[in-house]
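Subject: Structure for you to look at

Hello,

Here is the structure I said I would pass on. Please open it first; my notes follow below it.

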Amino acid sequence: MSQLLEVKVPDIGDFGAIPVIEIHVKAGDAVAAEDSLITLESDKATMDVPAPAAGTVKEVRIGLGDKVSEGTVIMVLEADTALPASAPPAAQPVAQAPVVASVIASAEPSAPPAEDREDELGRFRPAEQEPILAPSPSHVPSPGQMAAEMMGGHKAHASPSVRAYARELGVEVGRLTGSGPKGRILREDVQRYVKGLVSGAASASPAPTAAGGLNLLPWPQVDFAKFGPVQSQPLSRIKKLSGANLARNWAMIPHVTQFDEADVTDLEAFRTQVNQESEKSGGAKLTMLAFLLKACVSALRKFPEFNASLDGDNLVLKQYFHLGFAADTPNGLVVPVIRDVDKKTVLELAAETATLAKKAREGKLAPAEMQGGCFSISSLGGIGGTAFTPIINAPEVAILGVSKSETRPRWNGREFEPRLMLPLSLSYDHRVVDGAAAARFTTYLGQLLADLRRSLL
Ligand code: CAO
């Protein structure tokens, strides 16, 4: 028979309102008795709150940075077996705090039910309709976890003084193997690591991991409130998911950005004229983004290595043209994908981007509407800016950034004339695309946008 337990912060001596610096589990995780659930850090010590019994975490009631005191309920645990009734042991400010839990219900073992909940916009969403925003990790890592996982380190348990000591010596505690209780890193572990490095035989040598660990310094831990008033707010689910993908892509892809500009004077005049006519007849609005999608298909046909993905030592060249576009939403960035852009008219593309952008803003995109992209466009032209360096949306190998077009004087061989110039910023994966190919790509794209009749050729 299982039992629902409220896990509480034990007696932690004279300390009160201690911040939670790490949460090691999430709802649904199975834990063994004594597994560390959270880590608290006072001015003088860090301490783990362990699981009072083996079981499944039903609910986490605290967040990173929350301040807790003795008796604060941190989570609800469904214990596999009933906990023997015993008084909680005396507390002490040591590496691991004693177990405190109270039984709130007993139940027969059962699979954790899917829960209905509200999304970031506060709308009700049944569990089975949970959207997937991107190639989704099995859990949403915290930025700290994300950095540690990506950079090849691991979550380290060490007291503030040991952390400070390691920092002083330029050692990342995530790289060390702790010899203390439950793998806690001790001062001696730091010393042994440094001695090993000096003698060229560090047992915990910072060898590159499979993901190409960068052996970076740990993320700075700053108490911002010491310098002025602050307010903390959790990242949205979209920001956490897209952040994890962006961080991986930024760290793992050798990006180069090629800047160029396209003369869109005639194209913009044409677009404005069509829109004026269709306004009268109530037709759909033509957008610059729709023309860009069409022009990109022609450039991708001409330079197929841009319409490709790396698969080990192979380059997978795609015979289809599904293009993503970055859409700004109240909860963060999403990238809807338009299928078969080559088979659609500019008007159809304008209508489809408008529909998908609206769905994105409302949080209603289906997972399939964000998958299968070959190449992406990120247009900030409606907002402003002269250039930027977009991050490639892996496993794609390039992304086109578009900034705000402006009228500038251009030398035509005889005189300066005012031309509407559209800034282009093409980021590409330098493992796949050479600089010369990127320059050819943007040059060709510029020619297409200057005279779209070329895309008919
Ligand atoms: N230069 C100058 N003006 C531009 C322009 C450009 N490159 N692109 C668009 N505009 C103008 C449009 O003409 C429009 O003006 P009118 O209403 O007078 O015609 C106005 O800006 C608004 O356009 P828009 O940006 O709303 O529409 P769009 O079809 O061009 O873009 C979308 C749609 C979804 C791309 C956009 O809403 C969006 O979300 N952009 C942000 C993308 C983003 O966040 N990228 C960053 C990713 S990396 O962090």
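Which residues form one aromatic cluster? The cluster is made of Phe303, Phe306, Phe375, Phe441 and Tyr444.

Before the rest, a note on the basis. The model is predicted, so local features need pLDDT of at least 70 and side-chain atom pairs count only at pLDDT 80 or more, while totals for chains, interfaces and linings use all residues. Residues are numbered from 1 along each chain as its sequence is written, and side-chain values use heavy atoms, with hydrogens and water left out.

Aromatic pairs

Searching the whole structure gives seven aromatic pairs. Rings of Phe, Tyr and Trp (its six-membered ring) pair if their centres lie within 6.5 Å; planes under 30 degrees apart count as stacked, over 60 as edge-to-face and the rest as tilted. Phe270 and Phe291 are edge-to-face, with ring centres 6.3 Å apart and planes at 65°. Phe270 belongs to helix H5 (residues 265–281) and Phe291 to helix H6, so this pair ties together parts 21 residues apart in sequence. Helices (H or I, at least four residues) and strands (E, at least two) are DSSP runs, numbered from the N terminus.

Phe291 is buried, at a relative accessible area of 3%, whereas Phe270 is partly exposed, at 45%. Buried means under 20% relative accessible area, exposed over 50%, and partly exposed in between (1.4 Å probe, protein chains only).

Phe303 and Phe306 also form an edge-to-face pair, at 6.4 Å centre to centre and 80° between the planes. Both of these residues are buried. At Tyr444, the charged end of Lys302 sits over the ring, 5.1 Å from its centre. That term requires NZ of Lys or CZ of Arg within 6 Å of the ring centre and within 35 degrees of the ring normal.

Nonpolar cores

The largest nonpolar core has 54 residues, and Phe306, Phe375, Leu400, Leu445 and Leu449 touch the most other members. Such a core is a set of buried Ala, Val, Leu, Ile, Met, Phe, Trp, Tyr and Cys residues joined through side-chain atoms within 4.5 Å. Elements that give two or more residues to this core include helix H6 (288–302), strand E19 (375–379) and helix H8 (435–450). H6 supplies the largest share, eleven residues. A second, separate core has 23 residues, among them Ile12, Val49, Ala53 and Ile74.

Helix H8

H8 has 16 residues and reaches 22 Å from its first C-alpha to its last, close to the 22 Å expected at 1.5 Å a residue; the expected span is 1.5 Å times one less than the number of residues. Its buried residues include Ala437, Phe441, Tyr444 and Leu448. The buried residues of H8 pack against strand E12 (255–263), H5, H6, E19, E20 and E22, with contact taken as heavy atoms within 4.5 Å.

Leu5 lies in strand E1 (residues 2–8) and is buried, with a relative accessible area of 0%. Its C-alpha is 9.2 Å from that of Ala53, which is 48 residues away along the chain. E1 pairs with E8 in the antiparallel sense over six bridges; two strands pair if DSSP finds at least two bridges between them. Met75 in E8 is the bridge partner of Val7. Strand E6 (residues 55–60) is joined to E8 by five bridges and runs antiparallel to E8. Six of the seven residues of E8 (residues 73–79) are buried.

Regards
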